[in-house]
Amino acid sequence: MIRVMTGMVFACLLAGTASARGEEGANWLVPLGSAVSHTAHICQLKDGATMEDIARIDERLHETLRDRSVTGLRQIVTPLFAVNAGYDYLAFMWSTWEEFGDLWNWITGTPEGQAMAHAWDDYESCEAVVSSVFPLLRQAAQEVSGPQVATAEWCTRKDGISQEQLGAKHRSIADANRENPLVAWWGVGYPQGGARTGAFPGEFFHLVTYRDMAAYARAKLAIADGGWRERGDYYSAYAD
């Protein structure tokens, strides 16, 4: 099994576009608090394969998304700070759940879709997990495609804490950080397919994106300079 560790830092390359959904003129797949489908392909390159091979096939996917008016986006994610990662890269595919179903019907049910799937198989070996991710915080800068930095942190609800209490806590953190320029995007994800008990180090995950490494560094400094108190409150009362 490919290992996915908690607390890892990744370099992200965005590709594709998000869809306009009318939030203050922004360009988002879903409104804040609504579920978006997130497929994480956890991949190892086969002998002799390179990321250039993957990028070439990805471009075919991007053309298909445009031709089919699928308003999702794909991220290539590589470990930046990680121990025993056990994989070469991740590919995140974001779309609405409706478009997720339509796209996978095309992949599994048409000769063109099957050909694209087999093209990836020539270069990579992947496991995949499908999640619902609920975006809670985002800045306009996150609409721009380009290299960014992301962190993934897995958590489990503490005994006695209801999902409603946990959700309320997440919303209160988002509200308190609405004007915080350091965090470009934050969402909470819940695996719904491809994950079995014990496969991941928690029952849900926080996915946070920063504009660049400088923003990531400033965010970590803010925690060191006092933000650890609120962080400590979350981990002592709400989640492990």
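In this predicted model, Trp106, Ile107 and Thr108 of helix α2 meet Glu112, Gly113, Gln114, Met116 and Ala117 of helix α3. Sorted by class, the residues of this α2–α3 contact come out as four nonpolar, three polar and one charged. The two helix axes come within 5 Å and cross at roughly 85 degrees. A crossing angle between 65 and 115 degrees counts as roughly perpendicular, so that is the label for α2 against α3.

Helix α3 (residues 111–121) also packs against helix α1 (residues 51–67), and here the angle is about 160 degrees, with the axes 10 Å apart. Angles over 145 degrees count as roughly antiparallel, so α1 is roughly antiparallel to α3. The handedness of this crossing is left-handed. On the α1 side, the contact draws on Ile54, Ile57, Asp58, Arg60, Leu61 and Thr64, while α3 brings in Ala115, Met116, Ala119 and Trp120. Seven of the residues in this contact are nonpolar, one is polar and two are charged. Met116 turns up in the list for α1 and again in the one for α2.

Stepping back to the whole chain, the protein has five helices and eight strands. Read from the N terminus, the order of these elements is β-β-α-β-β-α-α-β-β-α-β-β-α. Of the 240 residues, 44% are buried. As for contacts between residues at least 6 apart in sequence, 81% join residues that are at least 24 apart.

The largest nonpolar core has 21 residues, and the ones touching the most other members are Val36, Leu90, Phe92, Trp94, Val133, Trp185 and Leu207. Two or more residues each come from β2 (36–45), β3 (73–81), β4 (89–95), β5 (124–138), β6 (147–155) and β8 (204–210). Apart from this core lies another one, made up of 20 residues, including Leu137, Val149, Leu182 and Val188.

Trp94 sits in strand β4. The cut-off for burial is under 20% relative accessible area, so Trp94, at 7%, is buried. Once neighbours within four places in sequence are set aside, Trp94 contacts Leu29, Val36, Ser37, His38, Gly72, Leu73, Gln75, Val133, Trp185 and Leu207. His38 is 56 residues away from Trp94 along the chain, yet their C-alpha atoms are separated by 4.8 Å. With the sequence neighbours within four places left out again, Leu207 is in contact with His38, Phe92, Trp94, Thr151, Ala152, Trp185, Trp186 and Gly187.

Glu99 belongs to helix α2 (residues 97–109) and has a relative accessibility of 12%, so it counts as buried. Not counting residues up to four places away in sequence, Glu99 touches Ser69, Val70, Thr71 and Gly72. Asp47, by contrast, is exposed, with a relative accessible area of 83%, and lies in the loop between β2 and α1. Asp47 and Glu124 are 77 residues apart in sequence, but the distance from C-alpha to C-alpha is 8.8 Å.

How values were computed. Residues are numbered from 1 along each chain as its sequence is written. This is a predicted model: local features need pLDDT of at least 70, side-chain atom pairs count only at pLDDT 80 or more; totals for chains, interfaces and linings use all residues. Side-chain values use heavy atoms; hydrogens and water are left out. Axes are lines fitted to C-alpha atoms, for helices over the stretch in contact, and angles run from 0 to 180 degrees between N-to-C directions. Helices (H or I, at least four residues) and strands (E, at least two) are DSSP runs, numbered from the N terminus. Angles under 35 degrees count as roughly parallel, over 145 as roughly antiparallel, 65 to 115 as roughly perpendicular and the rest as oblique. A crossing is left-handed if the near helix is turned anticlockwise from the far one by less than a right angle, and right-handed if clockwise. Contact means heavy atoms within 4.5 Å. Ala, Val, Leu, Ile, Met, Phe, Trp, Tyr, Cys and Pro count as nonpolar, Asp, Glu, Lys and Arg as charged, and the others, Gly among them, as polar. A nonpolar core is a set of buried Ala, Val, Leu, Ile, Met, Phe, Trp, Tyr and Cys residues joined through side-chain atoms within 4.5 Å. Buried means under 20% relative accessible area, exposed over 50%, partly exposed in between (1.4 Å probe, protein chains only).
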